[in-house]
Amino acid sequence: TIDKPLAVIIEDDAAAADALKLILEDCGVRVVHARSARETADALGPQAAEIAWIITDFNLGPGPDGVSVVQALRTAAPKARVLVLSGSSHGHAKAVAAEAGFEIMRKPARAEAIADWLERS
């Protein structure tokens with residue numbers, strides 16, 4: 001229903017996306033999932049302004065990384081909180097996420113950690 005807050009998951013791994021979707025839905029959140037930059041724009045359409053949270057994998061395979069995808073999305077959803085997930089908690093992904101002002105969490109993220117992040121908004 002429209003009264004639930006909206007979260008966007010940008011994740012190219014289906015199993016990881018499904019796990020995140022279950023966690024968010026258990027927290028009472030409406031979820032839109034996309035695997036890439038193009039899919040994100042197509043999946044959201046006019047809902048983009050409603051986004052409360054964006055959770056993205058850093059490495060989305062070929063094409064732009066998750067931080068770049070989110071930065072493009074931020075014009076439509078400037079107030080959305082962003083969480084970047086990465087297989088490594090240091091190095092390039094952490095530096096890029098920090099520079100963009102986004103929080104980063106190591107994959108696989110525990111359900112409790114995701115729920116805590118949602119509640120901090």
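Two strands count as paired when DSSP finds at least two bridges between them. Keep that in mind as you open this predicted model, because the tour begins with its sheet.

**Stop 1: the sheet**

Select the five strands and colour them in the order β2-β1-β3-β4-β5; together they form an open sheet with parallel pairing. Which strands stand at the edges? They are β2 (30-34) and β5 (103-106), and each has a single partner strand, so one side of each is left without a neighbour in the sheet. If you look across the sheet, the twist averages 20 degrees from one strand to the next.

**Stop 2: β3 and β4**

Now select residues 51-57 for β3 and residues 81-86 for β4. These strands run parallel, and five bridges join them.

**Stop 3**

Move on to β1 and show its side chains. Which residues point one way, and which the other? L6, V8 and I10 share one direction, while A7 and I9 take the other, and all are buried. With five of its five residues buried, β1 is largely enclosed by the rest of the structure.

**Stop 4: A100**

Select A100, which you will find in helix α4 (residues 92-100). Is A100 buried or partly exposed? Its relative accessibility is 24%, so it counts as partly exposed. Leaving aside residues up to four places away in sequence, A100 touches V67 and Q71. For a distance to display, draw a line between the C-alpha atoms of A100 and V82: these residues are 18 apart along the chain, and the separation is 9.8 Å.

**Stop 5: a cis peptide bond**

Next, go to the loop between β5 and α5, where P108 is found. Zoom in on the peptide bond that joins K107 and P108. This bond is cis, with omega about -5 degrees. As background, most peptide bonds are trans.

**Stop 6: α1 against α5**

For the last stop, select α1 (residues 14-26) and α5 (residues 111-119). How do you describe such a pair? Two packed helices are described by the angle between their axes and the distance between the axes. Here the angle is about 50 degrees, and the axes lie 10 Å apart. That makes α1 oblique to α5. The crossing of α1 past α5 is right-handed.

From α1 come L20, I23 and L24, which meet A111, I114 and L118 in α5. The residues of this contact divide into six nonpolar, no polar and no charged.

Notes:
Residues are numbered from 1 along each chain as its sequence is written. This is a predicted model: local features need pLDDT of at least 70, side-chain atom pairs count only at pLDDT 80 or more; totals for chains, interfaces and linings use all residues. Side-chain values use heavy atoms; hydrogens and water are left out. Axes are lines fitted to C-alpha atoms, for helices over the stretch in contact, and angles run from 0 to 180 degrees between N-to-C directions. Helices (H or I, at least four residues) and strands (E, at least two) are DSSP runs, numbered from the N terminus. Angles under 35 degrees count as roughly parallel, over 145 as roughly antiparallel, 65 to 115 as roughly perpendicular and the rest as oblique. A crossing is left-handed if the near helix is turned anticlockwise from the far one by less than a right angle, and right-handed if clockwise. Contact means heavy atoms within 4.5 Å. Ala, Val, Leu, Ile, Met, Phe, Trp, Tyr, Cys and Pro count as nonpolar, Asp, Glu, Lys and Arg as charged, and the others, Gly among them, as polar. Buried means under 20% relative accessible area, exposed over 50%, partly exposed in between (1.4 Å probe, protein chains only).
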